[in-house]
Amino acid sequence: MSVHPSPDSTPSGRKPITLHRLREMHAAGEPISVLTCYDAAFARVLDNAGVDCLLIGDSLGMVLQGLTSTVPVTLADMAYHVRCVAQGNRSAWIIGDLPFGSYQQSPAQAMESATVLMQAGAHMVKLEGGGWTADTVHFLTQRGVPVCAHLGLTPQSVHALGGYRIQGRDDESASTLRLHAQQLAEAGAAMLVLELMPSAVGAAITAGLPIPTIGIGAGADCSGQVLVLHDMLGLGHGKQPRFVRDFMRGSASVEAAIRTYVADVKARRFPDPALHGY
């Protein structure tokens with residue numbers, strides 16, 4: 001006999017965020033709040049503060065490991081941190097990044113890697129790129145794996161892109177981004193991260209899709225927003241990107257800063273088009 005947990009039984013006092021709930025939010029026009037998270041302690045704080053989705057990003061390579069890019073991050077690294085976050089979380093939706101080299105060879109390889117992350121506690125996996133990735137997205141979703149796609153600046157391809165540059169600045173590249181977004185949605189992607197592109201391009205992609213877009217430097221018109229946790233807490237090193245806001249400034253605690261982030265995303269006060277857009 002199987003035992004199904006009650007949807008109202010989480011200690012945080014809110015119903016668990018499910019894919020169905022995320023679709024309801026998107027349909028109602030409610031912005032989706034997302035932050036990166038890498039351990040159980042922060043997972044508890046973010047969950048209690050009402051963050052909708054916790055993204056275990058391969059950004060942990062730079063944030064936690066001190067690397068210069070996400071490329072060296074391994075699947076074992078990702079599984080470890082997904083497991084840590086899952087232990088601290090009770091109600092947020094958990095997204096795990098498929099790291100570089102864990103899905104590029106074939107859809108079958110992607111399925112094997114996704115299995116590792118989902119068995120560690122992820123509810124959804126994220127992969128980068130457009131065009132060739134549509135077949136992989138279709139393969140995964142047909143086998144019960146929810147997928148978040150990622151277009152624009154794709155950090156795993158930073159060397160091929162020539163650095164951390166804004167994508168979609170000209171008509172041709174913007175058209176390609178829109179085409180790839182449509183293909184990914186048709187392949188079954190349930191969510192799409194849009195990173196570092198002109199706000200007008202982010203808005204056009206969002207308006208043309210039946211799935212939510214999550215922006216990071218892609219303008220205020222996306223269906224939700226994501227930031228790297230350490231950046232929005234003022235812990236980033238060096239000059240921060242234009243799209244980052246330090247929510248610790250004026251906040252009495254880490255949890256208060258995160259609650260302000262959630263509230264400002266929900267009310268569309270963040271990002272401010274005049275301050276954080278391109």
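Okay, let's start with helices H6 and H8, which run roughly parallel to each other. Before I go on, one reminder: this is a predicted model.

So, H6 covers residues 133–141, and it packs on H8 at an angle of about 20°, with the two axes 8 Å apart. Angles under 35 degrees count as roughly parallel, so that is why this pair gets the label. The crossing of H6 and H8 is right-handed. Which residues of H6 and H8 meet? On the H6 side you have Thr133, Ala134, Val137, His138 and Thr141, and on the H8 side Gln183, Leu184 and Ala187. Sort the contact of H6 with H8 by class and you get four nonpolar residues, four polar ones and no charged ones.

Let's stay on H8 and turn to its other partner on my list. H8 is residues 171–187, H9 is residues 199–207, and their axes come within 10 Å, crossing at roughly 30°. H8 and H9 are therefore roughly parallel as well, and their crossing is right-handed. From H8, the contact uses Ala174, Leu177, Arg178 and Ala181, while H9 brings Val201, Ala204 and Ile205. What does the contact of H8 with H9 look like by class? Six of its residues are nonpolar, none are polar and one is charged.

If you want to click through it, look for Leu75, Met78, Ala79, Val82, Arg83 and Ala86 in H4, which meet Ser113, Val116, Leu117 and Ala120 in H5. The contact of H4 with H5 divides into eight nonpolar residues, one polar and one charged.

Now, cysteines. How many disulfides are there in this model? The count comes to zero. As you all know, a disulfide is a covalent bond between the sulfur atoms of two cysteines. The cut-off here is a pair of sulfurs within 2.5 Å. Cysteine 148 is in no disulfide either: the nearest cysteine sulfur is that of cysteine 53, 8.5 Å away. Are these two buried or exposed? Cysteine 37 is buried, with a relative accessible area of 0%, and cysteine 148 counts as buried too, at 1% relative accessibility.

Next, a couple of single residues. Leucine 19 sits in helix H1, which is residues 19–28. Leucine 19 has 17% relative accessibility. The cut-off for buried is under 20%, so leucine 19 counts as buried. Leaving out residues up to four places away in sequence, leucine 19 touches Trp93, Met124, Pro146 and Ala190.

Serine 157 is in the loop between strand E5, 147–152, and helix H7, 158–161. With a relative accessible area of 31%, serine 157 is partly exposed. From serine 157 to glutamate 195 is 38 residues in sequence and 13 Å in space, C-alpha to C-alpha.

Leucine 196 has phi near 50°, a positive value in a residue other than glycine. You'll find leucine 196 in the loop between strand E6, 191–195, and H9. Leucine 196 is buried, at 7% relative accessible area.

Arginine 268 also has a positive phi, near 60°, and it isn't a glycine. Where is arginine 268? Arginine 268 lies in the loop between H11 and H12, and at 41% relative accessibility it counts as partly exposed. Proline 271 is found in the loop between H11, 254–266, and H12, 273–276. The peptide bond into proline 271 from phenylalanine 270 is cis, with omega near 0°.

Technical notes: Residues numbered from 1 in each chain as written. Predicted model: local features only at pLDDT ≥ 70, side-chain atom pairs only at ≥ 80, totals over all residues. Heavy atoms only, no water. Buried < 20%, exposed > 50% of the residue type's maximum accessible area, 1.4 Å probe, protein only. Axes fitted to C-alpha atoms, helices over the stretch in contact; angles between N-to-C directions. Helix = DSSP H or I, 4+ residues; strand = E, 2+ residues; numbered from the N terminus. Parallel < 35°, antiparallel > 145°, perpendicular 65-115°, else oblique. Left-handed = near helix turned anticlockwise from the far one by under 90°. Contact = heavy atoms within 4.5 Å. Nonpolar A, V, L, I, M, F, W, Y, C, P; charged D, E, K, R; others polar.
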